[in-house]
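Hi everyone, thanks for coming. I have one structure to walk you through today, so let me put it on the screen.

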Amino acid sequence: MTKDVKEKKHYIAFILGRDPLLAVAELQSQINVGRISGKIVEFNENVALVETTQKVFFLKKTLNYFGGIPKIGKIIGAVSTVDEVPNTFSSFLYDEVFKKLPSVFHYSISSYGLPLSTAIPTVNMTKDAIELQFKELKVKGEFHPPQRETYSDLVLEQPPKDIIRYKMNKTRTDFIIANVGKKIHLGYTLAVYSPKKHQFRDLKRPVKDYSINISIRMAQILINLCQVREGETLLDPFCGVGTILQEALRRKIHVIGSDIDPEIIKAAKKNIRFYRRIYQLPQKKVKSSLYTIDAQKLSKHFKKNSIDGIVTEPYLGPLLKDYPSKHKAYAIIDELTPLYEQFFKEAHRLLRPNKRMVIILPYFKTRKKDKIQLPLENFVKNTTFQISDPLKEAGFQTSCIPYDYSSPTSKIGREIYIFVKKR
Ligand SMILES: C[S@@+](CC[C@H](N)C(=O)[O-])C[C@H]1O[C@@H](n2cnc3c(N)ncnc32)[C@H](O)[C@@H]1O
């Protein structure tokens, strides 16, 4: 294994995906467990800038495990105004990384955090300045125009497919313009998230049940927020077909899954076997066990203080075709309350002190747009559970927990909570 030798202090831009705040929380959680060494110096809804001494080689690898971060880039300079961007970029071509330029160089330019009306002319002028420099260097520059993806009001520019299909190396790159904090940071892409790898894991697994599944992307985010480390044990007591368990296993976290439905446990076992095979994860390297258990009776089966993290999306109530009336919403809450109340007690018993439970809690939106919530205070009463917010704990003003990630049209709202079991 290559040793993670430190290099001198440098800056990395983590480009934030669809749920920016959640992505920053995920990043901070990974810093907390030491998977990334460094600190977040600035962030906005597009980019988080991290100061680190960690080698780029290791940082690139972390992208395989983030759910909310589609891309990371190395920053090699910063300017105060957009006017300075083009010429500063062309001078980068003399940077160490680009020293031996090939006769044909493929590149794209992505811009984050600038309004489109500024981003487009800046990208075009940067392209012209780079082309001019290429001429002098006798290099043929092949510019690949950006491919835009719009997530709500945020415009995220991904490098075009013909650039990302190849590993970023000395013949291809995607330059980055990242407006974050008081400066415009300039650099180049180190790694881009691979939708193909996600699709492969999602579509090729033996059992898929989209009516109960959470996405692979969300499973990764929740695992990161839980701050479980390699070699520790994670429990999902409403495991369904095992999405969370699979993603944790891939990171060499021992997993325990349970569900009340024996057929679903059979399905989860098949999925786990598939993951073990494709990622070459034998039992002796990382353990998994699956049981048919009612989440209200967990402590009959597992020891007190034996679990390092609970990550789960519990039973959220019946599927709703229409927005419920207030009366119906309260009836669902009444049905769910005893299950959740007992489950919180059990989870508290099993979890080691100072460890976390990351849980999705439902709320119900009524026809008249009321928000009906579960009685959370009752669930945590008589426990030492406290809400944990990675951004607040790191000293940021912004709080991100609970995090509502439901779509505006969904009938059942979903909020991510993190609880830490205090001593
Ligand atoms: C929302 S799904 C979980 C989906 C899972 N995260 C996945 O991606 O596959 C909820 C699961 O809770 C299970 N369940 C319902 N009541 C339960 C109980 N009392 N104890 C344990 N599991 C229960 C259901 O069988 C279902 O598989």
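This is a predicted model: local features need pLDDT of at least 70, side-chain atom pairs count only at pLDDT 80 or more; totals for chains, interfaces and linings use all residues.

Residues are numbered from 1 along each chain as its sequence is written.

The protein chain has 12 helices and 19 strands; these are DSSP runs, H or I of at least four residues for helices and E of at least two for strands, numbered from the N terminus. Its C-alpha trace spans about 75 × 55 × 40 Å along the principal axes. Buried residues make up 40% of the 423 residues, where buried takes 20 or more other C-beta atoms within 10 Å of a residue's own, with C-beta atoms placed from the backbone.

Now the domains. The assignment, automatic or from a database, gives domain 1 (10-193) and domain 2 (197-421). Their C-alpha centres lie 33 Å apart. Across the boundary, 15 residues of domain 1 are in contact with 16 residues of domain 2, contact being C-beta atoms, placed from the backbone, within 7 Å.

Which helix do I want you to look at? Helix H8, residues 243-250, where 8 of its 8 residues are buried. Just after H8, Lys-252 takes a positive phi of about 60 degrees.

On to the largest nonpolar core, with 99 residues: a set of buried Ala, Val, Leu, Ile, Met, Phe, Trp, Tyr and Cys residues joined through C-beta atoms within 7 Å. Ala-13, Phe-14, Val-47, Ala-48 and Leu-222 touch the most other members. Val-47 touches Ala-13, Phe-14 and Tyr-112, among others, leaving aside residues up to four places away in sequence.

Finally, the ligand. Of the 23 residues around the ligand, Phe-238, Gly-240, Thr-243, Ala-295 and Tyr-315 come nearest; to count as near, a C-beta atom, placed from the backbone, lies within 6 Å.

Thanks, and over to you!

Notes: Two residues are in contact if their C-beta atoms, placed from the backbone, lie within 7 Å. A residue is buried if 20 or more other C-beta atoms lie within 10 Å of its own, exposed if 12 or fewer, and partly exposed in between; C-beta atoms are placed from the backbone.
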